[in-house]
Amino acid sequence: MRALRRWLDDTAGGLPATFWYLWAGLLINRAGAFAMLFLSLYLTAARGASEALAGTVVGAYGLGGAGGVLLGGVLADRWGRRSTLLAAHLATAGLMVGLAFSRHLVMIAALAALVGVAHSMPSPAFVAAIVDVVPERRRSRAFNLQFWAFNLGMAVASLLAGLLAEASFVALFLVDAAATALAAAVIAWKVPETLPRRAARTVPILDTSRSDGTESVQDPRLAPIRSSGAVTRRAGHGQWAGWRRPAERQRRVEQERRRPVGWPRLAGPERRAELAKRERRAGWRRRVGRERQPGLHTALTDRTFLTFVGLTFVLAVLTMQTSTIMPLAMRSDGLRPSAYGAVVALGGVLIVLGQLFVPRLIERHRKDRVLAVSTALLALGFATLAFADDVTVYLAAAVVWTVGQMLAAPPNAQINADLAPLELRARYQSVFYLAFPAASFVAPTLGGVSLQYLGDRHWLIVGGLGLLAAGCHLLAGPPRERRVAALRQLSTPLSPPSTPTPTSVR
């Protein structure tokens, strides 16, 4: 009993009540999100649409999801996490009711696209709210529980969807709407606004214009970002003004170096006036661009973060193989649909039963190494399918790649949270979540062509791609950790520089 209590404390202890209400809302939402799983079947069976038209409507839902994650990120940073979650859930519930009673395919397609927007909006807000309320040392277990709730909810949704679809498609949409409204009620009742409000915001600025191609994190409390030829604004007055003098001297040296041939050498006030005039004439566009307020463009130009998003995209492409390409491969091997269902069910059972044990397993290891190992396991599992012709091989491979998925979930979410500046958390989450709709498009599109023309060699290519991504995680880990350390320094209060004590000269 004592060991069980210790395990529960390590797995779910020390998390604030707000997290558990968010967790409950996520579980209710995912357990009821089953209508879109049967959208293509509903269109072909109940509305008489062709398979091509049904695919187009489902594609509209995916396209709306790509826009929804960006919209949700921006709104969560401006409106607030709670307001965005409530707006998205209530909009989804209303759109589901509209889908239940719509008859025209054009209207259904438009509503499906809007549902895609509303369905995807909560994702950045959920993660940003978790980061807001959970201390950093406990975020790994919080994200692990989030991943577990997501998969548990999807398992329940798959079971309920089959039963409701046999009874009534209208009931499928209405029950989905009711579950979404219930999740909104939990959030409205128990989840406060978690968006930090500061009197003076200090968003870290990323310098991506250095000559060596690297990035740096600048603290706007000290001085603004600058590159060669930029005008440096004053950092303060009095004892703080001395901090700007080296930069001022360097700026003037660079301006003099770029002086055109034949430009007159002026002295005193005339020279300073001419320098200022030339700077205004030639560099005002650069200054305006450089002084843009941090926003979504900050995440889209953050090379360290985008490298991580790219590796997550590869991980998502590997994971998407189970729902897009693997059914085709199993059919070509002469296996029945029930065999595919058994493979998918095995993965879900392993996650539900084993995910809660992952935090203690990985807590003493570096996150980049955990991600490298997990991606390598995914690569090994899918590469094994090149030699699979029996359901037992598919089941064994499913165990390998499912363990990889389980190991990857907590560090992947934690790194995503660590790389995001405080005031841009939701915007960073929205860019991160773009990797998943992109992977859902790339995986079936390129994977289908690869399987058709390369056959079983497709799985060897997938395995090689995963091993390459594993190596990239090891290479990207150290600079990523340096970025996280720099961002942590920005959260500490700044003390003014000490004034040097004048020494007497004899």
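This is a predicted model: local features need pLDDT of at least 70, side-chain atom pairs count only at pLDDT 80 or more; totals for chains, interfaces and linings use all residues.
A contact here means heavy atoms within 4.5 Å.

Residues are numbered from 1 along each chain as its sequence is written, and side-chain values use heavy atoms, with hydrogens and water left out.

## The chain as a whole

The protein chain contains 21 helices and two strands, taken as DSSP runs numbered from the N terminus (helices: H or I, at least four residues; strands: E, at least two). Of its 506 residues, 45% count as buried, that is, under 20% relative accessible area with a 1.4 Å probe, protein chains only. Among contacts with a separation of 6 or more, 79% join residues 24 or more positions apart.

As for confidence, the mean pLDDT (the predictor's confidence in each residue, from 0 to 100) is 79, and 77% of residues reach 70 or more. Over residues 207–213 the pLDDT is below 50, and this stretch has 14 contacts beyond near neighbours in sequence. Residues 220–244 also stay under 50, with 52 contacts beyond four places in sequence.

## Nonpolar cores

Tyr394 returns here: with Leu385, Trp401 and Trp459, this tyrosine touches the most other members of the largest nonpolar core, which has 67 residues. Such a core is a set of buried Ala, Val, Leu, Ile, Met, Phe, Trp, Tyr and Cys residues joined through side-chain atoms within 4.5 Å. Helix H18 (residues 391–418) supplies the largest share of this core, eight residues. Another core lies apart from it and has 26 residues, among them Phe34, Ala54, Val57 and Ile108.

## Aromatic rings

The whole structure holds 12 aromatic pairs, counted when ring centres of Phe, Tyr or Trp (its six-membered ring) lie within 6.5 Å; planes under 30 degrees apart are stacked, over 60 edge-to-face, and the rest tilted. Tyr42 and Phe173 form an edge-to-face pair because their centres are 5.0 Å apart and their planes at 70°. This pair links distant parts of the chain, with Tyr42 in helix H3 (residues 39–46) and Phe173 in helix H9 (residues 169–190), 131 residues apart. Both partners are buried: Tyr42 has 2% relative accessibility, and Phe173 has a relative accessible area of 1%.

Elsewhere, ring pairs link Phe19, Trp20, Trp23 and Trp148 into a cluster.

Technical notes
Buried means under 20% relative accessible area, exposed over 50%, partly exposed in between (1.4 Å probe, protein chains only).
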